[in-house]
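This report describes the nonpolar core, the aromatic pairs and the pockets of one protein model. The sequence and structure are shown first.

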Amino acid sequence: MTVLYAIELFGVAVFAMAGALEAARNRLDLFGVLVLAFVSALGGGTLRDLLLNVSPLAWIGDVNLAYTAFGGGLLMFFLARYFAVPFKVLLYADAIGLAAFTVSGTQAALALELPGLIVVMMGMASGIFGGILRDIMANEVPLIFRRDIYATASFCGAVLVWLGHQVWPGSPWIWVAGFALVLAVRAAAIHWRLSLPGFLSTVAYRKDNHPRDL
């Protein structure tokens, strides 16, 4: 479990830094930075544990997770004061956190021997929910609600970890492969600006909500 724990700690730190960077972009004070860092880093895991009825919550049972979240946020707070951090850094940091928490969340559900659908959903919830909370609190449209390939990357990684567990249960290489897949898909989407097709309607809507054929 050392590999999985290292991945989770790494994800907490990077997600916290992404949350702090978003707070810095919105010129929040130190308290706001730490709140956004904590929520971004541990929001997904908290939702997963609540849905799975796991007690105590991961960051309460292992306070090192909370320390890591606050430490990552504090580090980014000072870095952002002296260095101009490009927005793409936030996107790539978020991608790393997404990969780490997708893997750890999927494994947590696998450990409870839950059905495959639930396993994949818990992996995705762990990966994407912290970012959703961060963006909402920063008054931004969450990445998952844009056309960016985001939740799709998490889905691919969760499915790979679940499938790998059916063949090589407990192998750390499954976690590494899942992490790499999520990161590769998300990084490719950022670099080449890939997106899923948008909804195209042949019907326009007036203010009175009555459809009008185009």
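With which residues is alanine 41 in contact, leaving aside its neighbours within four places in sequence? They are Val12, Phe15, Ala16, Ala69 and Phe101, where contact means heavy atoms within 4.5 Å.

The model is predicted, so local features need pLDDT of at least 70 and side-chain atom pairs count only at pLDDT 80 or more, while totals for chains, interfaces and linings use all residues. Residues are numbered from 1 along each chain as its sequence is written, and side-chain values use heavy atoms, without hydrogens and water.

**Nonpolar core**

Ala41 is also among the residues with the most contacts inside the largest nonpolar core, together with Val12, Leu42, Ala69 and Trp175. This core has 47 residues; a nonpolar core is a set of buried Ala, Val, Leu, Ile, Met, Phe, Trp, Tyr and Cys residues joined through side-chain atoms within 4.5 Å. At least two core residues come from each of α1 (2–25), α2, α4, α5, α6 (116–137), α7 (151–167) and α8, and α5 gives the most, with 11 residues. Helices are DSSP runs (H or I, at least four residues) numbered from the N terminus.

**Aromatic pairs**

Four aromatic pairs are found in the whole structure; rings of Phe, Tyr and Trp (its six-membered ring) pair if their centres lie within 6.5 Å, and count as stacked with planes under 30 degrees apart, edge-to-face over 60 and tilted otherwise. One of them joins phenylalanine 38 and phenylalanine 70, which are stacked at 5.1 Å centre to centre with 20 degrees between the planes. Because phenylalanine 38 lies in helix α2 and phenylalanine 70 in helix α4 (residues 63–82), the pair ties together parts that are 32 residues apart in sequence. Phenylalanine 38 is buried, at 18% relative accessible area, whereas phenylalanine 70 is partly exposed, at 38%; buried means under 20%, exposed over 50% and partly exposed in between (1.4 Å probe, protein chains only). Phe38 and Phe70 form one aromatic cluster with Trp59.

**Pockets**

A pocket is an open set of points on a 1 Å grid over the protein atoms alone, where a 1.4 Å probe fits, with protein on both sides within 12 Å along at least five of seven lines; lining residues have an atom within 4 Å of a point. Its volume is the space filled by probe spheres set on the points.

| Pocket | Volume | Lining |
|---|---|---|
| Largest | about 180 Å³ | 14 residues |

Nearest the centre of the largest pocket lie Arg48, Asp49, Val54, Ala58 and Ala108.
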